[in-house]
Amino acid sequence: MPVKSQLRLPAELVDDLVAANRALARLNVVDAFGHVSLRDPRHPHRYLMSRSVAPESVTAADIVLYDLDSQTVDPRDDGKLHYRERFIHGEIYKARPDVNAVVHSHSPTVVPFTVTRAKLRPLLHNAGFLGLGVPLFEIRKTAGDGTDLMILTPQLGQALARKLGPDAAVVLMRGHGDSVVGPSLPNAVFRAYYTEINARQQLAAITIGGPINFLSRAEALTANAAMLRASARPWALWRQRALNED
Ligand SMILES: [Zn+2]
């Protein structure tokens with residue numbers, strides 16, 4: 001049983017996570033569904049995430065601490081309803097020590113790229129991280145036909161994390177959405193937003209008529225490294241807007 005001081009969550013971390021939830025809702029990456037989590041920098045075998053509420057309405061009181069098996073470690077939270085798909089987060093943190101934040105969404109323009117032959121590829125420099133690979137998770141391969149397509153068990157979370165692999169920032173989920181990871185919360189929010197933006201722009205480019213001049217792999221990797229630094233600026237703006245709504 002963790003000691004009490006470890007369960008008291010630092011206010012700044014909680015504010016960051018509240019801001020991330022609201023910002024992703026404002027940016028139309030999440031709607032009433034979707035969730036974002038943050039690895040606890042004090043204890044990397046734990047993560048913070050909201051209890052099961054719509055991201056736009058998350059407040060500090062909703063933030064809960066989980067272990068990497070996605071069980072709450074705070075006995076005071078026993079009565080709270082938790083996101084049913086929380087295994088996405090815990091299993092990715094287990095598989096990817098470099099990941100410190102995860103966004104799962106039903107990002108609307110991304111979904112067509114999960115059900116067609118069109119491959120989501122980086123055409124915008126902000127989305128250079130897509131050059132790290134965009135694997136597609138097919139739930140039928142793990143759980144057969146007839147699921148509701150959701151990641152409701154640790155086993156499905158592990159299969160999703162395996163499909164994400166050691167390098168990618170995004171894993172598409174067929175007929176469902178995507179899960180986006182980053183080394184920091186600002187970067188994961190940035191990547192989730194620009195995954196949606198790149199999908200919109202790729203759809204527009206397809207409509208205008210190809211062929212599309214995508215970023216080369218070398219350009220994508222250089223742009224990704226630059227954006228890891230540059231994501232602090234939009235994050236400061238999004239965080240301030242989100243927290244000033246109160
Ligand atoms: Zn989902």
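The lining of the second largest pocket contains seven nonpolar, three polar and three charged residues. In this count, Ala, Val, Leu, Ile, Met, Phe, Trp, Tyr, Cys and Pro are nonpolar, Asp, Glu, Lys and Arg are charged, and the others, Gly among them, are polar. The structure is a predicted model, in which local features need pLDDT of at least 70 and side-chain atom pairs count only at pLDDT 80 or more, while totals for chains, interfaces and linings use all residues. Residues are numbered from 1 along each chain as its sequence is written, and side-chain values use heavy atoms, with hydrogens and water left out.

## Pockets

A pocket is an open set of points on a 1 Å grid over the protein atoms alone, where a 1.4 Å probe fits and protein lies on both sides within 12 Å along at least five of seven lines; lining residues have an atom within 4 Å of a point. Grid points are joined across faces, edges and corners, and a volume is the space filled by probe spheres set on the points.

| Largest | About 250 Å³ | F33, S52, Y83, R84 and M150 |

The lining of the largest pocket comprises eight nonpolar, six polar and two charged residues.

Helices (H or I, at least four residues) and strands (E, at least two) are DSSP runs, numbered from the N terminus. In strand β2 (residues 46–50), five of five residues are buried, that is, under 20% relative accessible area with a 1.4 Å probe, protein chains only. R46, L48 and S50 point one way from β2, and Y47 and M49 point the other way.

Two strands pair if DSSP finds at least two bridges between them. β2 pairs with strand β1 (residues 35–39) in the antiparallel sense over three bridges, and a hairpin joins β1 to β2 through six residues. S37 has M49 of β2 as its bridge partner. With strand β3 (residues 63–67), β2 pairs in the antiparallel sense over five bridges; there, L48 has L65 as its bridge partner.

## Nonpolar cores

A nonpolar core is a set of buried Ala, Val, Leu, Ile, Met, Phe, Trp, Tyr and Cys residues joined through side-chain atoms within 4.5 Å. The largest core has 46 residues, and L24 and L185 have the most contacts inside it. Elements giving two or more residues to this core include β1, β3 and α7 (185–208). Another core, of 23 residues, lies apart from the largest one and includes M49 and Y83.

Key. Buried < 20%, exposed > 50% of the residue type's maximum accessible area, 1.4 Å probe, protein only.
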